[in-house]
Amino acid sequence: MGGNIVTASPIGDSAPVLLALDARVILASSKGQRTIPIDEFFLAYRKTALQSGEILKAIVVPRSHRQAGLRRYCEWFKVSRRREMDISTVAGCFRIDLDPEGVIRQARLAFGGVALMPLRARKAEEALLGQPWNEETIRDISSILAGEFTPISDVRGSAEYRSKLVTNLFEKFYWEMNDPSSPSGETTALLPISKSAAASRSTPHESGHKHVTGEAIYTDDQTAGKPVLEIWPVCSPHARARILTRDASVARRMPGVKAVLLAEDIPGVNDSGTKNDEVLLADKEVYYHSHPRRLVVPPPKRSLSNTNRCRRFFLSNKRLRPEAFTTSPIAFAAAILPKR
Ligand SMILES: Cc1cc2nc3c(=O)[nH]c(=O)nc-3n(C[C@H](O)[C@H](O)[C@H](O)COP(=O)(O)OP(=O)(O)OC[C@H]3O[C@@H](n4cnc5c(N)ncnc54)[C@H](O)[C@@H]3O)c2cc1C
């Protein structure tokens, strides 16, 4: 952290966070030490309040909002050209402390990448005080916020793009904090979410929280070390083809193979589509490249000759023209995906 702050880069990521949290920095030298708000630490482009012989000794982050009976929403956003390992185009950290009536008692809107040094949007912060935390307030503040910085254009983004991000990130913060499904902040649903905002929010993967918390149960883990049979789906090499003849007898005679399952071996419906339009094991036609045509249990030892023997089953195919979308991809997706 020390190096990241002391370089005083306008796009350093930790600076907006510390500004939003009202951190203090303890600066020390052989003569003693002093504490100043982080807000007074950044003076100009890559210039800090450190004097000759001084080092940054510690960073103090206060935690006073709970004693004051306030509810805190705080979130940090980073926009960069790559998602990982990239210097920010714009970063913003926002903190809102609400009293029990939902009125803003303290606000910090800190940005990186929009000025010569990391800065707070002081006019917007002041205008937020005493206001209810609602959509109307956010609309009013956005126009003030839009005039607070005059960012520059560089390789990471144009000035206009950066200006837009300043207001958009704050609006995003508002909508995320008011989303009961959002994991950020001390969130409770304060307001109904408008349709337009809901549409612009990214929807988390339905089991994403299980992946990141380790709660997800994977089939592979369940069967590890247990005597189970593996299945090898033999897949179509063609995007679309009519199956003229089928013969599983060669594969069935192969050593170690316990079963070769065809479409007719499925006890229920030979379909895996949500709209019953996806043949599971192809029997008459294959509809896409890698469409499984049968299951070999367990997979025979992988060798070229074994693979060829298993595939011989479908040598007699008539290739057909792959089906193309007849509608636009968006209309197609709207037709097949669950409604949100
Ligand atoms: C490829 C790349 C990607 C990067 N991506 C990001 C990014 O996404 N976000 C981001 O914020 N930064 C990014 N950076 C910048 C860089 O990672 C930071 O500046 C880094 O945090 C510096 O920390 P450090 O500990 O390496 O500091 P150092 O390089 O060790 O120190 C930096 C300067 O601060 C001085 N210094 C260090 N500690 C103290 C102290 N306690 N008191 C006084 N002076 C001190 C040093 O003497 C030196 O002059 C990136 C850099 C590169 C090269």
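Why does A8 count as buried? With 21 C-beta neighbours inside 10 Å, A8 counts as buried, since the term applies to a residue with 20 or more other C-beta atoms within 10 Å of its own, while exposed means 12 or fewer and partly exposed lies in between, with C-beta atoms placed from the backbone.

Residues are numbered from 1 along each chain as its sequence is written.

The pLDDT, which is the predictor's confidence in each residue from 0 to 100, averages 82 for the chain, and 80% of the residues score at least 70. Over residues 183-200 the pLDDT is below 50, although this stretch has 27 contacts in the model beyond near neighbours in sequence; a contact here means that two C-beta atoms, placed from the backbone, lie within 7 Å. Residues 312-316 also have a pLDDT below 50, with 11 contacts beyond near neighbours in sequence. Where pLDDT is low, the predicted coordinates should not be read in detail.

As for the overall picture, the chain has 11 helices and 15 strands, which are DSSP runs numbered from the N terminus, helices being H or I over at least four residues and strands being E over at least two. Of its 340 residues, 24% count as buried.

Let me return to A8, whose place is in the loop between α1 and α2 (14-20), and which has a positive phi of about 55° although it is not a glycine. D22, in the loop between α2 and β1, likewise has a positive phi, near 55°, and is a residue other than glycine. D22, however, counts as partly exposed because it has 18 C-beta neighbours inside 10 Å.

Next comes the ligand, which is surrounded by G2, G3, N4, V6, T7, S9, G12, D13, I55, L56, D86 and I87, a residue being near when its C-beta atom, placed from the backbone, lies within 6 Å. The elements giving two or more residues to this shell are α1 (2-6) and β5 (55-60), and the largest share, four residues, comes from α1.

Now to the strands, where two of them pair if DSSP finds at least two bridges between them. Strand β1 (residues 24-29) and β2 pair in the antiparallel sense over six bridges, forming a hairpin with two residues between them, and within this pair L27 stands opposite R34 in β2. Of the six residues of strand β2 (residues 32-37), the number buried is zero, so β2 lies largely in the open.

Elsewhere, three strands form an open antiparallel sheet in the order β10-β14-β12. β10 (232-235) and β12 (259-261) stand at the edges with a single partner strand each, so one side of each is left without a neighbour in the sheet. β12 and strand β14 (residues 292-297) pair over three bridges, and L261 stands opposite L295 in β14.

Finally, consider I138, which lies in helix α4 (residues 135-146) and counts as buried because it has 20 C-beta neighbours inside 10 Å. Leaving aside residues up to four places away in sequence, I138 touches E171 and Y174. I138 and Y174 are 36 residues apart in sequence, yet their C-alpha atoms are 7.6 Å apart in space.

Definitions and conventions: Predicted model: local features only at pLDDT ≥ 70, side-chain atom pairs only at ≥ 80, totals over all residues.
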